[in-house]
Amino acid sequence: EEDMYRDAEEIEREKILLSETSSSEHKLSVAPEIDIIEYCRREWRGNTPVAKRMRKGYEAVAHRFASIRRVRGDNYCALRATLFQALSQATQLPSWLQSEDFTMLPENLLSKYDWIKQWQLKEKLGRKMGEISDEIKECLILLRKKWKTISEIEDPIEKQDACDKLFKNEEEEYSLYEALKFLMLNTAIRLYNDDKNGRRVPVFSWLLFARDTSSNPCQLMQNHLNHIGNSGGLEQVEMFLLAYALQYTIQVYRLYKYSTDEFITLYPNDPEEDWPVVTLITEDDRHYNIPVRMCQETML
């Protein structure tokens, strides 16, 4: 299957990794953890400047995290890594998921914006016009149900097992991504309207709608959100949008930015104090993996 987002070298590396695993592991969305330094040595063996910088970056991350879990790179990886981390450390249902209006979101938005009928659900491009609201509603209900169930598990091992099980169920997993994408659209509409009405909006919102391909929420949906998971992943400015939609701070170790001020980047860069934090790793701002097992000496 052709991948329009990742480069040929990364796709080839993943094929090699897959060939090394048993067939039962091929559908794992989040691979089992591996020592982070061991993973780095396996991936970056050369002496090129890029390889040396990556090794330095991984060594810096290893001061805080002992292991890494590789995330399947099918252009959903930013959503997958963020949601997996959020669920694996969830202890309560976020307030926005508790809202009575939450599951009415598709119906309410479609009553105001007819163009949302052009929303493209994964592998369901030929649906009838009236179905989109119900299908997205089901995705949102599933998101709330899974988040509630996992957040109520107190034992950390059981919680991790529940997350692993969820991310092996392709149908449910991709339904959750549709829910996240729709929440991103809802957030974009709110920010766009706030700006038009003279309310204060975060800087990334101006950047989001300054692009020729997303000057308004309709274009954002048609040219970006509809393509996530198919021909594209999340761009930098859309990482901010995801963070605002979830009300989470997304902290990313950007390894190719090692030794610069952008090595550790926060989305948003001025987060709310009460927002939980999830941590990801990227080598190129396209594919994201998950660091796990925070080292004891840095936990405080």
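Strands here are DSSP runs of E, at least two residues long, and they are numbered from the N terminus. The model is a predicted one.

**The annotated site**

An unreviewed UniProt entry carries the annotation "active site" for Asp74, Cys77 and His287. These residues span 214 residues in sequence, yet no two of their C-alpha atoms are more than 8.8 Å apart, so they gather at one spot.

Cys77 sits in helix 4, which covers residues 77–88. Its relative accessibility is 4%, so Cys77 counts as buried. Beyond its neighbours within four places in sequence, Cys77 is in contact with Val71, Arg72, Arg286, His287 and Tyr288. One of these contacts, His287, also carries the "active site" annotation in the UniProt record.

His287 belongs to the loop between strand 5 and strand 6. It is buried too, because its relative accessible area is 6% and the cut-off for buried is under 20%.

**Backbone exceptions**

Most residues other than glycine have a negative phi, and most peptide bonds are trans.

Asp285 lies in the loop between strand 5 and strand 6 (288–294). Phi of Asp285 is positive, near 65°. Ser259 is in the loop between strand 3 (249–254) and strand 4. Phi of Ser259 is positive as well, near 75°. The two residues are set out here with their accessibility.

| Residue | Phi | Relative accessibility | Class |
|---|---|---|---|
| Ser259 | near 75° | 60% | exposed |
| Asp285 | near 65° | 11% | buried |

The peptide bond from Tyr267 to Pro268 is cis, with omega near -5°. Pro268 falls in the loop between strand 4 (264–267) and strand 5 (277–282).

**Helix 2**

Helix 2 runs over residues 36–43, and its buried residues are Ile36, Tyr39, Cys40 and Glu43. Viewed down the axis of helix 2, these buried residues fall within an arc of 100°, so they line one face of the helix. The general rule is that an α-helix has 3.6 residues a turn, so residues three or four places apart point the same way.

The N-terminal end of helix 2 is capped by Asp35. A side-chain oxygen of Asp35 lies 3.1 Å from the backbone nitrogen of Ile37.

How values were computed. Residues are numbered from 1 along each chain as its sequence is written. This is a predicted model: local features need pLDDT of at least 70, side-chain atom pairs count only at pLDDT 80 or more; totals for chains, interfaces and linings use all residues. Side-chain values use heavy atoms; hydrogens and water are left out. Buried means under 20% relative accessible area, exposed over 50%, partly exposed in between (1.4 Å probe, protein chains only). Helices (H or I, at least four residues) and strands (E, at least two) are DSSP runs, numbered from the N terminus. The arc is that of the directions from the helix axis to the C-beta atoms. A polar contact is a pair of N or O atoms within 3.5 Å; within protein, one must be able to donate a hydrogen and the other to accept it, and residues adjacent in sequence count only if both atoms are side-chain atoms. UniProt positions are given in the numbering used here, feature names are shortened, and annotations may be inferred rather than shown by experiment. Contact means heavy atoms within 4.5 Å.
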